[in-house]
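Me: I've got a structure to go through with you. Can we take it piece by piece?

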2 protein chains.
Amino acid sequence: MKEIQSSKNELIKATKKLQQKKYRQQTQTYLLEGFHLIQEAVKAKVVLREIFISQRGLKEWSDWIEEYLTDYYLVSDEVLKALTTQPTPQGMIAVAEMPKEQSEAFAGAWLLLDHVQDPGNVGTMIRTADAAGFAGVVLGQGSADLYNEKTLRSTQGSLYHLSVKSGDLLEIVPMMQQAGKKVFGTALDKAAKEYLAVERLSDFALIMGNEGQGMTSELLTLTDQNLYIPIKGQAESLNVGIAAGILMFHLLE
Amino acid sequence: MKEIQSSKNELIKATKKLQQKKYRQQTQTYLLEGFHLIQEAVKAKVVLREIFISQRGLKEWSDWIEEYLTDYYLVSDEVLKALTTQPTPQGMIAVAEMPKEQSEAFAGAWLLLDHVQDPGNVGTMIRTADAAGFAGVVLGQGSADLYNEKTLRSTQGSLYHLSVKSGDLLEIVPMMQQAGKKVFGTALDKAAKEYLAVERLSDFALIMGNEGQGMTSELLTLTDQNLYIPIKGQAESLNVGIAAGILMFHLLE
């Protein structure tokens, strides 16, 4: 255990840069904020390069710290505030390594995100995919960054429970289809098939599109079937996370 | 059309106070921000006491303004910024009157919120209830304020498409049951009934509880049946808005 009192410390200044995507990609590391997320990361054997804990955090989670951590920095509240993007920082922040090499296997049910821009939506959809029993999520082009603080927080740790990849959906969808997987798109109009008419299945992919625009038209033509959720009231649409939840829980066997 | 240039104008100072719940309740009015929400309010014949429009808003929505507005204030960007809580203010803000007298009728399907605290969750659930064909939503004790800026924004205008009331669920639930309505609670444990085992119906109420704690125990004992959504992965729970979406779309005939 070492102590850092000042937010002008070189390690703290370097760590703070991880709030920006550019530095996360350069270093292949990201900030993980709050006890619950860090606990989930440790459970999932994610490598944590540094862990910063405040005096109060040290008291609150002393048993867990003693059992699971071999080394950490005890930091002042000022340091913690410098590292967080949250108005009320939690007592623990870690620097975690991104996973290496992703396998090309896509067994089971997969959720594919096509330009889903809001970090909260992306995080919540990863959490819901986990709860629904999906094998993984692919973040397609234009989707929010997985390692954005808000995305991470909204996953509630589910990013460690299933496979989360990034990739070009225009390449991945045909690859999945060649491997025999059925790929469903989602459309906002009634030219598509009503989701309730689809039988439950176990090996498929479901694509959700952008909050305002829906799926890109090129991708819509690649799918095996496009689905829609009938709107009964006067609402113009559903929140994309809610729509994904309804479809995932309905479709997966 | 009158002009206001300074955010120190008395009307602007008084209007800005409506960002606080206390003043909204005193005056029974609230701020409505952005063209889409104001358009929905006008469609629903909500009384708008004042409308503030920026130069840019005036250009962008000139046809609509000419058709629907008889009077408004042309304001500077400084004034608009003073009235908004948003980082990038939209070009139109109105002061709307809250509805008077609420009827006691509860026909059809109703969503009841028990201490749902997050304004974004409450707003999204109102929007989803609208899309699912529900007749109304009751905001029980401890739930976020309907007229909070974030709640309003998340409804996307759906508050004008169905009935939204506030009330004590410990009184409303027995009243609904006496009128023959079936009331479902939601529980986080498997002692409750799996939602897929419930037949679709048209006259019922569904209660959703607090984000962290779920429903209050007193209310859980009042219901006719408590439901749960089976979690297949390792996620500990679903976001309350997602859970509500899955249940509403499954239950309503």
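Me: What does Glu97(A) form with Lys100(A)?
Reply: A salt bridge, with the closest N and O atoms 3.9 Å apart. The term covers a side-chain nitrogen of Lys or Arg within 4 Å of a carboxyl oxygen of Asp or Glu.

Me: Before more of that, what sort of model is it, and how is it labelled?
Reply: It is a predicted model, where local features need pLDDT of at least 70 and side-chain atom pairs count only at pLDDT 80 or more, while totals for chains, interfaces and linings use all residues. Residues are numbered from 1 along each chain as its sequence is written, chains are lettered from A and ligands numbered from 1 in the order in which they are written, and side-chain values use heavy atoms, with hydrogens and water left out.

Me: OK, back to the pair. Lys100(A), buried or exposed?
Reply: Exposed, at 66% relative accessibility. The cut-offs are under 20% relative accessible area for buried, over 50% for exposed and partly exposed in between, with a 1.4 Å probe and protein chains only.

Me: Which residues do salt bridges with shared partners join into one network?
Reply: Arg49(A), Glu97(A) and Lys100(A).

Me: And where do Glu10(A) and Lys13(A) sit?
Reply: In helix α1 (residues 10-16) of chain A, three residues apart, so about one helical turn separates them. Glu10(A) is exposed at 58% relative accessible area, and Lys13(A) is partly exposed at 41%.

Me: How many salt bridges over all chains?
Reply: The search of the whole structure finds 14.

Me: How many across the interface of chain A and chain B?
Reply: Zero by the rule. There are 16 residue pairs in polar contact between the two chains, both residues at pLDDT 80 or more. A polar contact is a pair of N or O atoms within 3.5 Å; within protein, one must be able to donate a hydrogen and the other to accept it, and residues adjacent in sequence count only if both atoms are side-chain atoms.

Me: Which elements of chain A supply at least two residues of that side?
Reply: α3 (35-43), α7 (119-132) and α11 (240-251). The largest share, six residues, comes from α7(A).

Me: How much area is buried between chain A and chain B?
Reply: About 2,400 Å², with carbon and sulfur atoms giving 56%. That is the accessible area (1.4 Å probe) that two parts lose on being put together, summed over both. In contacts (heavy atoms within 4.5 Å), 32 residues of chain A meet 32 residues of chain B.

Me: Why do the copies meet through the same surface?
Reply: Because 100% of the interface residues of chain A are also interface residues in chain B.

Me: Last topic, chain A itself. How many helices and strands?
Reply: 11 helices and 12 strands. Of its 253 residues, 55% count as buried.

How values were computed:
Helix = DSSP H or I, 4+ residues; strand = E, 2+ residues; numbered from the N terminus.
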